[in-house]
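Thanks for making the time this morning.

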Amino acid sequence: MDLEYIIFKVEDGIAWIQFNRPDKLNAVNAKVLEELEKILFQCEQDDTVRVIVLRGNEKAFVAGADIKDMAAGDIQSAYALTDLTLRVQERLADLPKPTIAAVSGFALGGGCELALCCDFRIAADNSRLGLPEITLGIIPGGGGTQRLPRLVGLSASAEIILTGESIKAEKALQIGLVNKVVPLPELISETAALAGTLKQRPSMALRAAKTAMRKGLSMSLKEGLHLEQDLFCMLFGTEDKKEGMAAFLEKRKPNYR
Ligand code: CAA
């Protein structure tokens, strides 16, 4: 794949997607989003990919959408940018495989929003997360006003979105924005360890669990419970269910396909 701003590799079942526009703190422009879209499509199709990790460099995960590009923009170009952003984010959020954002340095605006699309966020202790759009005279346009409140509640979201001030990793952990904070030098090994655990889980059950949680969020409790029931019952038709339960009864490790 011909990539300018992203380094992509698959190693031992883990797809590592590394934003690589260091001179702009990995700020995201249309080209970055188009590259990300292609990579995510490949990750979805490639059966050898079991877990997807998004990462940046030590100084920045992603410092937001490219402000230089947006500065010259009008209403029409804002729609074009957000259409593309939402399309790529939807692909990321809807991936049927587990996703992890390994955050170090700045994860601001569109960068924070990409991390919000992942199933897990592991933050290095030097991370600063936030949605500073309000300081630019706009509001988050990549799902920030919707995904953040669903994750951390209205009160903590209001603090972040209305002040535009970034928060440190420890505060992000305290409000539930990230799953774990680790020393910067351990970010990649901790992420690989989590990915290693997820890799061992059966893929159909992972997919069903993600669907139940994500779709359920926009349903009534009753609808969500029925969705869960359907997915639960569907899994009884899988080889992985037979293997998982047989392995338990035979006191051995399951060997999922
Ligand atoms: N867009 C474009 N360029 C960016 C950028 C961004 N979001 N963030 C950083 N850069 C560029 C800087 O312009 C600078 O480039 P030059 O050397 O060519 O001037 C380079 O990256 C290094 O940045 P700084 O010199 O500013 O580094 P710093 O360490 O002093 O400050 C920072 C770091 C606090 C993150 C600061 O760069 C900053 O505030 N960046 C903007 C953050 C932001 O507002 N993000 C939200 C964007 S809006 C958005 O994302 C909309 C959406 O939801 C879709």
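Predicted model: local features only at pLDDT ≥ 70, side-chain atom pairs only at ≥ 80, totals over all residues.

Helices H9 and H10 are roughly antiparallel to each other, the class used for angles over 145 degrees, where under 35 counts as roughly parallel, 65 to 115 as roughly perpendicular and the rest as oblique. The axes of H9 (residues 203-217) and H10 (residues 221-235) come within 10 Å and cross at roughly 175°; these axes are lines fitted to C-alpha atoms over the stretch in contact, and the angles run from 0 to 180 degrees between N-to-C directions. Helices here (H or I, at least four residues) and strands (E, at least two) are DSSP runs, numbered from the N terminus. On the H9 side the residues that meet H10 are Met204, Ala205, Ala208, Thr211, Ala212, Lys215 and Gly216, and their counterparts in H10 are Leu227, Leu231, Met234 and Leu235, contact meaning heavy atoms within 4.5 Å.

Residues are numbered from 1 along each chain as its sequence is written, and side-chain values use heavy atoms, with hydrogens and water left out.

Let me turn to the charged pairs. How many salt bridges does a search of the whole structure find? The search finds 14, a salt bridge being a side-chain nitrogen of Lys or Arg within 4 Å of a carboxyl oxygen of Asp or Glu. One of them joins aspartate 66 and arginine 21, at 2.8 Å from N to O. Aspartate 66 lies in the loop between strand E4 (60-62) and helix H2 (67-71), and arginine 21 in the loop between strand E2 (14-19) and helix H1 (30-45), so this pair ties together parts that are 45 residues apart in sequence. Aspartate 66 counts as buried, at 8% relative accessibility, and arginine 21 is buried as well, at 12%, where buried means under 20% relative accessible area, exposed over 50%, and partly exposed in between (1.4 Å probe, protein chains only).

Glutamate 44 and arginine 91 form another salt bridge, with their closest N and O atoms 3.3 Å apart. Because glutamate 44 lies in helix H1 and arginine 91 in helix H3, the pair ties together parts that are 47 residues apart in sequence. Here glutamate 44 is partly exposed at 28%, and arginine 91 is partly exposed at 26%.

Is glutamine 89 buried or exposed? Glutamine 89, which sits in helix H3 (residues 75-93), is buried, with a relative accessible area of 2%. Leaving aside neighbours within four places in sequence, glutamine 89 is in contact with Glu113, Leu114, Cys117, Gly142, Gly143 and Arg147.

Finally, the backbone. Most residues other than glycine have a negative phi. Aspartate 12, although not a glycine, has a positive phi of about 55°; aspartate 12 is in the loop between strand E1 (6-11) and E2 and counts as exposed at 66% relative accessibility. Asparagine 26 also has a positive phi, near 65°, and lies in the loop between E2 and H1, but asparagine 26 is buried, with a relative accessible area of 1%.
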